[in-house]
Amino acid sequence: MGIVVENGGILTTVQDEGRFGYQAYGVSTSGAMDSHSFHIANLLVGNPMTEGALEMTFIGPKLRFTRDNIIAVTGGDLTPMLDGETLPMYQAVLVKAGQNLSFAGARNGCRGYIAFSGGLDIPEVMGSKSTLLRNKLGGLDGRKLEKGDEIAFLAPKTELTRMGERKVPANVYPQKEVVLRVVLGPQDDEFTEKGIRSFFWNSGVITNEFDRMGCRIERDPVEHRGDGNINTDGISLGSIQVPPNGKPIIMLSDRQSTGGYAKIGTVISVDLPKIAQSQPGQRIRFIEVSLELAQSLYIRELNQMKELDEKLNA
Amino acid sequence: MDVKFLIAGDRAVSVEFGKEICLEINEKVRMLEEELKDNPIDGVIEVVPTYCALIVHYHPEVVRYDDLVEALKVSLGSMSSLETKKKIVKEVPIFYGGETGPDLEYCAQLEQISVEELIRRHSEHEYYVYMLGFAPGHPYMARFEEPFSFKRREEPRVKIPARSVVVQQNLSDLIPFEQPCGWNIIGSTPLDICNYDKEEPFLLNAGEWVKHVPITKAEYDQIRRDVEKGTYQVKTYSLEKTAGERRG
């Protein structure tokens with residue numbers, strides 16, 4: 001076996017890199033909200049960085065291990081405890097059958113990841129283990145983890161090479177203002193010059209309407225040229241759509257594949273984890289960067305992951 | 001061809017063929033989609049066709065933006081109108097009215113025609129699947145003759161059942177899963193619009209045509225049983241396009 005869920009926490013789901021190849025049929029990609037933490041968790045336990053892991057939100061689950069395995073907990077600090085003792089984060093740890101992993105509450109950030117060496121025995125649906133709650137698709141029967149669930153390990157390990165090196169410094173997330181870098185487009189021409197200027201000049205506040213689908217921001221309305229409606233078109237991860245009321249919504253992992261509101265810009269890939277770790281009430285500000293810079297930063301991030309993988313798992 | 005490349009972040013670009021929702025522009029979207037299927041560009045993850053644009057999701061570590069746009073221009077130059085003479089039609093049986101089509105009579109009243117005439121208009125002309133979106137397998141369909149004049153309901157419903165057939169003006173959708181909806185429901189189909197358990201989960205593809213076929217409640221129940229057993233075959237055939245439909 002693997003783990004038994006004693007308590008599911010607020011929202012704990014199985015997520016991997018995402019479900020690709022089905023957006024043309026209206027299927028959301030899903031996937032880990034904070035891909036950076038998710039990738040690191042997998043690499044620390046010797047997995048391919050895209051292997052399915054658990055994503056937890058604010059209050060983590062309580063899990064009883066029924067089999068030994070090496071795990072790593074990354075992302076927001078939800079205060080992980082193993083049998084009541086502090087469990088170090090960003091580090092590969094051997095957990096024994098019979099031990100209990102629990103979380104005492106969010107101290108920094110809000111989304112955590114637990115990767116299990118060898119992966120979880122979760123069937124792939126359309127090529128992915130990711131859970132899409134809205135459509136009851138993938139993961140554990142298309143839903144969040146609940147008390148009584150059991151998930152088996154696929155290929156658990158009790159030892160890995162370079163165990164002492166399997167740790168990296170923890171990420172720390174801003175508690176006040178979150179600054180997100182944005183590339184303009186695809187529909188920046190649907191906004192007035194004043195609208196675009198104010199979009200970058202004035203900050204906003206993250207509202208409670210913030211889930212895996214999107215993050216709605218309260219701020220002075222961003223001015224459209226027209227009414228903000230466009231012919232429905234494709235939506236990329238991090239797109240900032242501005243409905244007729246002028247209040248932006250950042251489109252996240254469970255976003256619909258298409259939509260009919262004008263999109264002023266797109267949050268750059270390397271900044272998406274910052275949204276995933278932010279909370280309602282935090283201030284949010286956008287700054288414009290070039291596409292070239294955004295792509296260079298993304299490629300650098302991928303190279304860093306590749307280096308970590310080679311260092312630990314080659 | 002007036003084509004625009006719109007930057008959709010560091011991992012996607014939208015290729016826009018125009019601003020008008022019409023067959024001519026949508027067929028260009030579909031032609032580029034087909035071209036990229038036949039001659040893929042390295043680094044492209046997937047493409048999503050919509051009314052007027054094809055969004056291309058890609059790996060910038062494999063192909064940077066400028067190189068991708070150059071490659072897409074080559075694709076645009078070599079894409080052919082291979083499919084433009086035939087149209088693929090799928091028959092979708094519908095039980096109109098009854099408990100699962102509660103707005104049928106109301107729609108006929110709004111249109112000031114008989115229920116029979118409303119069913120004729122809905123089932124005689126083929127509907128074109130412009131795109132899929134909103135929910136898995138959910139088609140955005142339109143017909144090009146005899147549009148209804150009524151629009152959405154004033155009060156949207158909080159929940160309507162899966163497999164409902166909903167209409168407004170020249171549009172008709174098939175609802176894959178229970179959802180809120182502001183359109184009028186005129187019937188129900190026994191077919192699954194999306195079923196994750198099947199090897200081919202989706203009933204329809206963008207660019208196909210749908211012919212609604214009126215059936216009785218008894219036929220509906222029989223087809224539903226066959227669908228659940230996995231023995232039902234969706235009737236599919238190809239037709240020559242009319243002159244108007246060939247313009248693209």
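Strand β6 (residues 127-132) of chain B pairs with β13(B) in the antiparallel sense, over two bridges. Two strands count as paired here if DSSP finds at least two bridges between them. The strands themselves (E, at least two residues) and the helices (H or I, at least four) are DSSP runs, numbered from the N terminus. Within this pair, B:Tyr128 stands opposite B:Trp209.

Before going on, a word about what you're looking at: this is a predicted model, where local features need pLDDT of at least 70 and side-chain atom pairs count only at pLDDT 80 or more, while totals for chains, interfaces and linings use all residues. Residues are numbered from 1 along each chain as its sequence is written, and chains are lettered from A and ligands numbered from 1 in the order in which they are written.

**More strands in chain B**

β13(B), residues 209-214, also pairs with strand β5 (residues 86-96) of chain B, this time in the parallel sense and over six bridges. There, B:Val92 sits opposite B:His212. In general, strands of a sheet pair through backbone hydrogen bonds, either parallel or antiparallel.

Now look at strand β10 (residues 171-174) of chain B. Strand β7 (residues 139-142) of chain B pairs with β10(B) in the antiparallel sense through two bridges, and B:Met141 faces B:Ser172 there. Strand β9 (residues 164-168) of chain B is joined to β10(B) by four bridges, again antiparallel. B:Ser172 turns up here too, as the bridge partner of B:Val167. β9(B) and β10(B) make a hairpin with two residues between the strands, and B:Gln169 takes a positive phi near 45° in that hairpin.

**Where the chains meet**

The contact between the chains takes 37 residues from chain B and 32 residues from chain A. Two residues are in contact if their C-beta atoms, placed from the backbone, lie within 7 Å. On the chain B side, β1 (4-7), β2 (12-16), β3 (44-49), β4 (53-58) and β6 each supply at least two residues. β3(B) gives the most, with five residues. By class, the chain B side divides into 24 nonpolar, seven polar and six charged residues.

Six residues from domain 1 of chain B and six residues from domain 2 of chain B make the contact. Helix α1 (residues 23-38) of chain B brings the largest share of the domain 1 side, three residues. By class, that side of domain 1 of chain B has three nonpolar, two polar and one charged residues.

**Chain A as a whole**

Chain A holds four helices and 20 strands. Six strands form an open sheet in the order β7-β6-β9-β4-β1-β11 (chain A), with antiparallel pairing. β7 (85-86) and β11 (150-152) of chain A stand at the edges with a single partner strand each, so one side of each has no neighbour in the sheet. Elsewhere in that order, β4 (residues 62-65) and β9 (residues 100-103) of chain A run antiparallel and are joined by two bridges, with A:Leu63 partnered by A:Leu101.

As for overall shape, the C-alpha trace of chain A spans about 60 × 35 × 35 Å along its principal axes. With 314 residues, a compact globule would have a radius of gyration near 20 Å, and chain A agrees at 20 Å. That radius is taken over C-alpha atoms, and the globule rule is 2.2 Å times the number of residues to the power 0.38. Of the 314 residues of chain A, 53% count as buried, that is, with 20 or more other C-beta atoms (placed from the backbone) within 10 Å of their own. Among contacts in chain A with a separation of 6 or more, 77% come from residues 24 or more positions apart.

Methods
Buried ≥ 20, exposed ≤ 12 C-beta atoms within 10 Å, placed from the backbone. Nonpolar A, V, L, I, M, F, W, Y, C, P; charged D, E, K, R; others polar.
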